[in-house]
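This report describes a protein chain through its sheet, its ring contacts and its backbone angles. The sequence and the structure come first, and the description follows.

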Amino acid sequence: MIASVLQDAELWLAGGGRALWPAAAIGDERVLQDTSAGLFHVARDGEQIVGVMKFELEDAYFWPEIPPGTSAFVHKLAIRRAWAKQGISTELLAYARTRAQQLDRAHLRLDCVADRQGLRKLYEGFGFALHSVVQKGATSFARYELPTAG
């Protein structure tokens, strides 16, 4: 079910010319590995999974300069289209902030492709501040951080 949410989101993005995740990153096998490791958290409407988020305690790829044990990281936030714009992304981010606080992580961090203005507005509206823009291959990524205290 988690892979299905991610794959549906990718189909929607790709249909709009904004492909994001390679198939291997959201394929059943990879998602099963990450789910088995306890990395995915979900939002439900009854029994149906309507949103997903990968919550990690390390991210050496996008945040190599961050000392271990100081931050938590959000990746692969995706909402089923039928539940888009209903606050589910915000609920998942609020959960991530609370979970980071519980784990004594001073910051919640995430990244997104730098030209995704809608996504950046979502993060900024939640309270994330732009930390920096980094280049990974041919793609620029905006890195955001949110203090978890308070």
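Strand E3 is mostly covered, since nine of its nine residues are buried, where buried means under 20% relative accessible area, exposed over 50% and partly exposed in between, with a 1.4 Å probe and protein chains only. Helices (H or I, at least four residues) and strands (E, at least two) are DSSP runs numbered from the N terminus. The model is a predicted one, in which local features need pLDDT of at least 70 and side-chain atom pairs count only at pLDDT 80 or more, while totals for chains, interfaces and linings use all residues. Residues are numbered from 1 along each chain as its sequence is written, and side-chain values use heavy atoms, with hydrogens and water left out.

E3 pairs with E2 in the antiparallel sense over five bridges, and with E4 in the parallel sense over four bridges; two strands count as paired if DSSP finds at least two bridges between them. Phe-73 of E3 is the bridge partner of Glu-56, and Phe-73 also stands opposite Arg-109 in E4. Arg-109 in turn has Glu-145 in E6 as a bridge partner.

## The sheet as a whole

Six strands form an open sheet of mixed pairing, in the order E1-E2-E3-E4-E6-E5. Its edge strands are E1 (40-45) and E5 (129-136), each of which pairs on one side only. Neighbouring strands are turned by 30° against each other on average, direction ignored; here axes are lines fitted to C-alpha atoms, for helices over the stretch in contact, and angles run from 0 to 180 degrees between N-to-C directions.

E4 is joined to E6 (residues 139-147) by seven bridges, and these two strands run antiparallel. Helix H5 (residues 117-126) lies across E3, E4, E5 and E6, at about 15° to E6, with contact meaning heavy atoms within 4.5 Å. E3, H4 and E4 make a right-handed β-α-β unit, a crossover being right-handed if, with the strands pointing away from the viewer, the path from the first strand over the helix to the second runs clockwise.

## Aromatic rings and charges

The structure holds six aromatic pairs, where rings of Phe, Tyr and Trp (its six-membered ring) pair if their centres lie within 6.5 Å, and planes under 30 degrees apart count as stacked, over 60 as edge-to-face and the rest as tilted. The rings of Trp-63 and Phe-73 have centres 6.5 Å apart and planes at 45°, so this pair is tilted. Because Trp-63 lies in the loop between E2 (48-56) and E3 while Phe-73 lies in E3, the pair ties together parts ten residues apart in sequence. Trp-63 is buried at 1% relative accessibility, and Phe-73 is buried at 2%. Ring pairs also link Tyr-123, Phe-126, Phe-128 and Tyr-144 into a cluster.

The charged end of Arg-81 sits over the ring of Trp-12, 3.6 Å from its centre, and that of Lys-136 sits over the ring of Tyr-61, 4.4 Å from its centre; the criterion is NZ of Lys or CZ of Arg within 6 Å of the ring centre and within 35 degrees of the ring normal.

## Positive phi angles

Most residues other than glycine have a negative phi. Lys-76, which is not a glycine, has a positive phi of about 50°; Lys-76 is found in E3 (residues 71-79) and counts as buried at 16% relative accessibility. Asp-104, also not a glycine, has a positive phi of about 60°. Asp-104 lies in the loop between H4 (88-102) and E4 (107-113), and is exposed, with a relative accessible area of 68%.
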